[in-house]
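User: I am new to this structure and would like to learn how to read its features. Could you take me through them step by step?
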Amino acid sequence: MRLATCAWLAFLFSVPLWMGDLYVLHVLIITGIFMIAAMSLNLLLGYTGQLSLGHVAFFGIGAYTSSLVSLGFEVHVLPNTVVALAPKPVWLGMLCGILVAGLCGWVIGRVSFKVRGAYFVIVTVSFAEVVRLVALNWVELTQGPMALNNIPYLRLGVPGWFEISFLRKPANYYLVLVVGIVCYVLIRRLVQSRAGRAMIALRENEPLATSVGVDVTRFLVLATVVSAAMAGAAGAIYAHYVRIVDPDVFLFIYTVTMVIMVVTGGKGTLAGPVVGGIVFGLLPEILRAAQIKPEVQWVIYGVLMILVVYFLPQGIVPAVRNWWNGRGSAADPPADARTAAEPAT
Amino acid sequence: MTAALTVGDLSIRFGGLLAVEAMSFEVRDGEVLSLIGPNGAGKTSAFNAITGYVEPAGGRIDYRGTSLIGRTPNQIAELGVVRTFQKTSVFTGLTVFDNVMIGLHLRSRQNPVAILLGLPSVAREERELRDAARETLQFLGLETRADQQASALPYGELRLLEVAVALAAKPKLLLLDEPVSGMNPSETTSFMKMLARIRGLGITVLLVEHDMKMVMGVSDRVICLNQGRIIASGAPAEIQRNPEVIKAYLGERYVRAHG
Amino acid sequence: MDQLLQHCLNALILGGTYALLGIGLTLIFGIMRVVNFTHGELYAFGAYMMYMWVMVLGANFYLALPLAVLLGVVLGAIIEIVLLRRLRGADIDTTMLVMIGAWIAMQNSEQLVWSGVAKSIDTPFPSSPLVLGPVSVSWNRLFVFVVALALIAGSYAMINRTKLGKAMRATFQDRETAALMGVQINTIHTATFAIGSGLAAAAGALLGPVFVVYPTMGDLASLKAFAIVILGGLGSIPGATIGGFILAFMEELGAGYVSSGYRDAMGFLLIIVILLVKPTGLFAQKERIG
């Protein structure tokens with residue numbers, strides 16, 4: 001298994017060296033960014049069982065925060081009071097993006113404790129819509145529909161010594177790949193630990209979980225904070241890659257895309273969002289190559305989601321895993337569960 | 001004997017109904033105390049109030065001097081009071097082993113930062129937890145089932161798994177809600193032996209049960225409830241003969257018919 | 001003062017259609033517990049049906065309206081039978097995901113058929129408004145208001161006075177008992193979803209001629225409908241009615257006196273605030289603990 005992973009990673013790292021088509025690289029980068037966002041949503045939706053449909057809000061908040069910090073801004077919060085920030089280095093902007101997104105996650109996490117089930121879905125959707133409308137209307141800060149332009153690209157290094165600039169596609173590809181691997185590892189560590197077990201317990205049977213000491217609020221908040229911060233990171237990378245950000249980044253359709261990726265890939269599994277990301281990152285490109293109109297593409301997505309829920313309710317990854325385990329293994333002999341009956345007293 | 005749990009004047013309301021009315025009793029350290037009574041007598045309601053799932057309308061609940069009222073179930077579990085549920089309650093989608101691992105939640109204190117950084121202390125604690133899970137399964141005779149899905153277990157073992165999960169949380173006071181309901185006589189007898197071993201670990205047990213053989217066989221004391229009030233309390237043999245108890249279970253006419 | 005009166009009048013009229021949206025969803029989300037993301041699409045469907053009948057096929061406006069509503073009822077029934085029936089016992093996320101899939105498929109189908117260009121619908125009403133002292137109201141909107149009130153009254157009567165309504169209430173409170181008493185569960189589920197969808201289609205058919213018709217018009221309608229249902233309490237028709245009017249007032253007064261850009265945000269802010277304060281909605285009764 002280790003060998004397969006190493007080979008796979010080696011392959012991924014080699015791609016920019018031989019892939020000449022920049023468009024393909026672009027598709028891979030965008031797919032990777034969405035995959036990171038999907039992994040973060042999976043932590044909340046899949047492992048903790050929280051129906052959060054406002055996830056794009058964290059993505060967009062990360063994007064906007066990072067952009068604004070690196071561009072600098074000046075707003076009049078009151079007629080005479082101005083809040084201004086001079087432009088900061090991009091890496092600092094990205095860090096701020098992650099922190100602010102995480103903070104919003106903390107707020108949502110605390111809210112989710114009070115407001116459960118279907119109500120929580122609606123609160124999260126509403127939250128995302130409000131954020132979108134703020135981005136659209138607070139023109140002084142966000143430029144509204146005219147978008148934030150000329151967002152600087154990431155530069156890392158020691159000035160005067162060496163510097164890596166993430167302007168071109170290959171550099172961004174490696175950035176997304178490395179961040180993606182880091183996020184995957186972080187999530188895996190989390191779900192395979194006591195914290196992950198607590199989240200799963202809350203999803204499976206909350207009263208039982210609390211009866212053995214699981215603190216509901218604490219782990220819901222932990223899940224949302226990590227999830228939001230990671231989505232914010234994805235958003236920040238996106239902002240400094242495409243270098244233009246407008247309120248459309250908050251559209252509900254992007255949350256839906258992430259949800260489709262997680263659900264069809266397999267919610268509650270580590271590989272699920274990766275598989276889902278690949279399928280729904282590459283599918284639009286395949287369809288576009290086949291000259292299929294975007295509306296038809298979305299109709300296909302909608303139908304696909306319905307079919308997956310019906311026929312592969314746990315997603316592709318568990319279905320493949322079950323099929324693989326079912327082949328060629330003899331059925332377990334029934335274990336002898338009972339000792340001989342004791343004579344009645 | 002010191003009192004582990006003291007319940008004073010407890011009242012619980014459901015809508016307009018008074019499910020439990022001015023109930024007072026105490027559970028002594030190290031004993032096995034059984035609550036009996038017909039359905040709807042308020043036994044599970046009392047459990048729910050003691051463990052924080054329901055807020056009482058009035059009264060006191062103290063565990064070793066600390067009030068339990070107003071605390072969340074997980075806080076009460078941290079104090080050492082753990083319960084099982086009347087309807088079979090396990091993590092059905094997980095394996096038997098993973099079920100017990102969740103029960104061990106309070107046994108470790110790995111914090112999220114350490115987990116994310118992948119510090120070696122986290123891996124070490126995980127190994128310790130896995131050992132503890134195996135021990136717990138062995139104690140209940142479930143070690144051969146470790147890798148099976150909880151949903152695949154036969155009924156009797158499912159109920160054992162519930163106890164395993166509760167025991168993993170290292171309770172000092174264990175509340176068992178009808179642990180042998182639905183079990184056949186031989187399973188019940190095995191359970192009674194296991195209860196003796198649990199008691200041998202120094203755990204105080206508060207039991208709700210209908211199975212009289214079990215109640216008489218394991219209890220130090222028995223309390224009988226009817227319609228939210230305590231109608232009798234004492235040693236098992238006394239309770240068995242108590243006319244109020246018989247009337248509560250079998251009705252007025254039976255008592256008059258059989259003297 | 002005149003401004004205020006005008007805003008109030010506008011809010012009153014808008015509230016009528018919002019109430020229809022809300023009642024429709026409270027039947028589906030509130031009683032059936034289906035997180036119905038297609039509700040907005042039925043709203044858009046109603047508007048598009050009006051467009052088809054009046055503008056493309058040249059039918060009479062007053063005939064097209066009930067026809068559009070009827071088609072909405074039929075579409076709702078189809079959705080329930082084809083998509084939801086086999087998910088009867090499933091958990092709420094599963095149905096929600098299927099509804100999201102249906103929503104995407106429906107909206108993009110609408111876009112394919114009618115393109116993204118906004119369409120307007122001709123009405124038989126005079127274009128100059130009716131002036132009532134300091135305020136004025138267009139005949140079109142007045143018609144909308146009257147019809148909306150009639151439908152609201154009709155819904156209330158249906159749920160409380162008819163056998164169907166009684167069967168609906170029984171089914172969703174205690175399905176097993178209802179089944180034992182001879183209620184046809186499948187029919188009731190289909191009927192509830194169909195009626196709820198029909199009300200959404202009615203709202204769309206009424207408002208389509210007032211504004212314009214475009215494929216994404218249902219999105220905001222969906223979200224506002226959820227806001228109204230939460231405001232009024234799940235399953236409560238009076239609650240949804242009052243909720244619809246409250247939302248309309250908040251939007252109108254907010255747009256008039258605070259900022260028109262944030263008009264649509266009013267509803268969402270309202271939801272968030274209410275749920276934080278009262279997690280079960282304003283008018284919900286306390287659930288019985290089993």
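User: In which order do the six strands of the open sheet in chain B lie?

Analyst: Strands here are DSSP runs of E with at least two residues, helices are runs of H or I with at least four, both numbered from the N terminus, and two strands pair if DSSP finds at least two bridges between them. In chain B the order is β6-β7-β8-β3-β9-β10, with mixed pairing. Because β6 (81–83) and β10 (229–234) of chain B each have a single partner strand, they stand at the edges, with one side left without a neighbour in the sheet. This is a predicted model, in which local features need pLDDT of at least 70 and side-chain atom pairs count only at pLDDT 80 or more, while totals for chains, interfaces and linings use all residues. Residues are numbered from 1 along each chain as its sequence is written, and chains are lettered from A and ligands numbered from 1 in the order in which they are written.

User: In which sense do β3 and β9 of chain B pair?

Analyst: Strand β3 (residues 32–36) and strand β9 (residues 221–226) of chain B pair in the parallel sense over four bridges, and Leu35(B) has Ile223(B) as its bridge partner in β9(B).

User: Is Ile272(C) buried or exposed?

Analyst: A residue is buried if 20 or more other C-beta atoms, placed from the backbone, lie within 10 Å of its own, exposed if 12 or fewer, and partly exposed in between. Ile272(C), in helix α11 (residues 265–277) of chain C, counts as buried because it has 20 C-beta neighbours inside 10 Å.
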